[in-house]
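Hi,

Here is the structure I promised to pass on. Have a look at it first, and then read my notes below.

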Amino acid sequence: MSPLHLCLALSAALFCTGLVAVLIRGNAILVLLGVELMLNAANLNFLAFWRFGPGGGEAGLVFVLFSIAVAAAEAAVGMALVIAVHRHLRSIRIADANRLKG
Amino acid sequence: MTTLLAVLALICLAPAVAAVLVRNLIHSALLFVLAWLGLAAFYLALGAEFVAFAQALVYVGGVSMVALFAVLLTRPGRTDLLPPPSAARAVGGLAAVSLVASMLASSLFWSRLPSMEPTAPIPLRRLGELLAGPYLVAVLLVGLILTVALIGGLLLAAPRRPAEGADA
Amino acid sequence: MILAVAPASPADAWLERAPLLLRDALTGWLPDALRPWVSALLSIAVILGVFGLLFAYMTLAERKLLGRMQNRPGPNRTGPFGLLQPFADAIKALTKEDIVPRAADRVLHFLAPVVLVALSLLGLAVIPFGRNLVAVELEAAVLYFFAAGAATELSIFMAGWASRNKYSLLAAMRALAQLISYEVPLLLSVVPVVVVAGSLSTTGIVAAQGGWAAGIWPHWHALTPWGFSAFAVFMIAALAESNRSPFDLPEAESELIAGHLTEYSGFKYALFFMAEYLGMAALSAMAVTLFLGGWQAPLGLLEFVPSYAWFGVKLLLLLLGFIWIRATFPRLRIDQLTRLSWKFLVPLALVNLLNGGFWAATADWSGPAAAVRWLVSALLVVVPFVALARSLAAGYGPRTYRYAPS
């Protein structure tokens, strides 16, 4: 197994784990953390192809930096949304937030 | 190299799987932190020093704090245990995930990836020149996004009515 | 390695090279393959030993100094002048019963102090304690330091939450709020240093501060207008990061009993104590490296004193400053704490970032232009400071005191 294969396998496994968190756990915070994990899996792919792919892939490294920054922004807004939803519905289960009327 | 990466991959994957399975929300969040730290170590082994430290700083220092704060502010009752997911939801979710997993696994298994020599790590100065040169617009845009996210998060999380005795 | 600015002679002095000679003498007889591992272990042992002793005597110094500042002698019974007090304390902590509440989350309750101490030690790896004395040479050392330090407050949260005690939980929330607020100014105040020094490595930043202007004025960052402002912001944020008074809200003895420490006893409590001092020492060492010229001597004449001694003197001065501040200021409220960070320190650090950029862009100004450079930089510090302080104090007015008519 080459290092590149290993990285891609880990990335796929992490992505699926994050997907399980998003689809099966009904809790909004866990869903957000699952999304973060999926983003991380994507980052890992960028890094793997930067390191082991055909050369000249500096963009992969730089892209991961931007991705991390955007993930931080996403977490901040996401958690603010969770708190706002909790204030309205007294619940952070995604299934309970099923009305458009606040 | 591959052995080290494999060990780190296990260190990274095990807490992630455990985080999805445990019922205690705080444990889950802390296990996610562990998984992110493992991933940072994995990046370090890949030779991406700067990205690894940035990952640790942002995820352990930032995202996890915000997540734990949100857990504490929205505590579901007296315990932090969650009700288990409903059966229909679990079955549907697992079906979807196994579909995705099998697609990913088959594509990984069948694809013939070129076995390249690893490229040399980029010196930090070169990374800085890249960020300040060709990617300058992107850096500025990310700054804008972060500012907007900060203000947006503030507006979303702030209570509509000014809380009584907010300032003193 | 870093000899660009320092003249060759002090670097060759016997006292200066003593630690390296000792290391070579100890590892010289080993086969080549083992040598890096053994010297790494040696540097770990030295750091643990030196900072362990520093911790022991810092607790004594703190109690003594606080005592003197409050008109009492402080501990003076164990050994001459109480010098054996830390060891008596250690034996006491070791022999005490370790109590874990029945409702506590046992795993996290145990892990919290261990993780905290381990993380507090990590940062010390990249500090250059003297010329050529750095345990790990990293290109992104500054980033590493803050990444390692970012997780300390996470273990305070673990301690507070795992205790299942409402005071501890309040402490956990306070710790998180404090960390989120003060991590921002702490990092922002470091950015101008990185911009001006043009390096993220700690040895590079120390090297950039070598030499003297006009032979007497060291090129330390704290001795420039932008650097002074950044230094002040950094030290205030460092106080908050290490949970020291006046920002010791998580453990506030008088309101929260001892916050996250309430349910800890015996050696685990001592570990928390140790982590607090180690964290304080690590942040102070970073401040010395970033702003006070690291191991550089303040005057060319004084270069015969070995570099690690200068580092130690500066570190001790900062740590004594921490103790002095503890004896002087009352504790803040949580809303005052977050307000100070977001409405004062963060804008100040942002303006200072601009200031650092200006300083870096005008590095080649000399003669009368240099005076202009200093003036503009000073104005960029003073004007925002006055404006922000006024806006923060607006509506509070001067305090009036009313006395009973005599």
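Let's start with a term: a salt bridge here is a side-chain nitrogen of Lys or Arg within 4 Å of a carboxyl oxygen of Asp or Glu. Before the findings, some housekeeping: this is a predicted model, in which local features need pLDDT of at least 70 and side-chain atom pairs count only at pLDDT 80 or more, while totals for chains, interfaces and linings use all residues. Residues are numbered from 1 along each chain as its sequence is written, chains are lettered from A and ligands numbered from 1 in the order in which they are written, and side-chain values use heavy atoms, with hydrogens and water left out.

Salt bridges

Over all chains, the structure holds seven salt bridges. One of them pairs D98(C) with K268(C), at 3.4 Å from N to O. D98(C) sits in the loop between α4 (85-95) and α5 (106-122) of chain C and K268(C) in helix α12 (residues 266-291), so this pair ties together parts that are 170 residues apart in sequence. (Helices are DSSP runs of H or I with at least four residues, strands are runs of E with at least two, and both are numbered from the N terminus.) Are the two partners buried or exposed? D98(C) is partly exposed, with a relative accessible area of 42%, whereas K268(C) is buried at 11%. For these words, buried means under 20% relative accessible area, exposed means over 50%, and partly exposed is in between (1.4 Å probe, protein chains only).

Also in chain C, the side chains of R244(C) and E276(C) meet in a salt bridge of 3.2 Å, N to O. This pair links distant parts of the chain, 32 residues apart: R244(C) is in the loop between α10 (225-241) and α11 (253-256), and E276(C) is in helix α12. R244(C) counts as buried at 1% relative accessibility, and E276(C) counts as buried at 16%. Salt bridges with shared partners join E62(C), R244(C), E276(C) and R326(C) into one network.

Another salt bridge is between R126(B) and E58(A), at 3.0 Å from N to O. R126(B) belongs to helix α5 of chain B and E58(A) to helix α3 (residues 58-89) of chain A, so the pair joins two chains. R126(B) is partly exposed, at 33% relative accessible area, and E58(A) is partly exposed too, at 25%.

Where B meets C

How many residues does each chain bring to this contact (heavy atoms within 4.5 Å)? Chain B brings 27 and chain C brings 31. About 2500 Å² is buried between them, with carbon and sulfur atoms giving 76%; buried area is the accessible area (1.4 Å probe) that two parts lose on being put together, summed over both. F53(B), L57(B) and M65(B) supply 25% of the area that chain B buries against chain C, more than any other three residues. The count of salt bridges between these two chains is zero. On the chain B side, α2 (25-46), α3 (49-73) and α5 (124-132) each supply at least two residues, and α3(B) gives the most, with 15 residues.

Chain A

Chain A has three helices and zero strands. Its C-alpha trace spans about 50 × 25 × 15 Å along the principal axes. Of its 102 residues, 59% count as buried.

Cheers

How values were computed:
Contact = heavy atoms within 4.5 Å.
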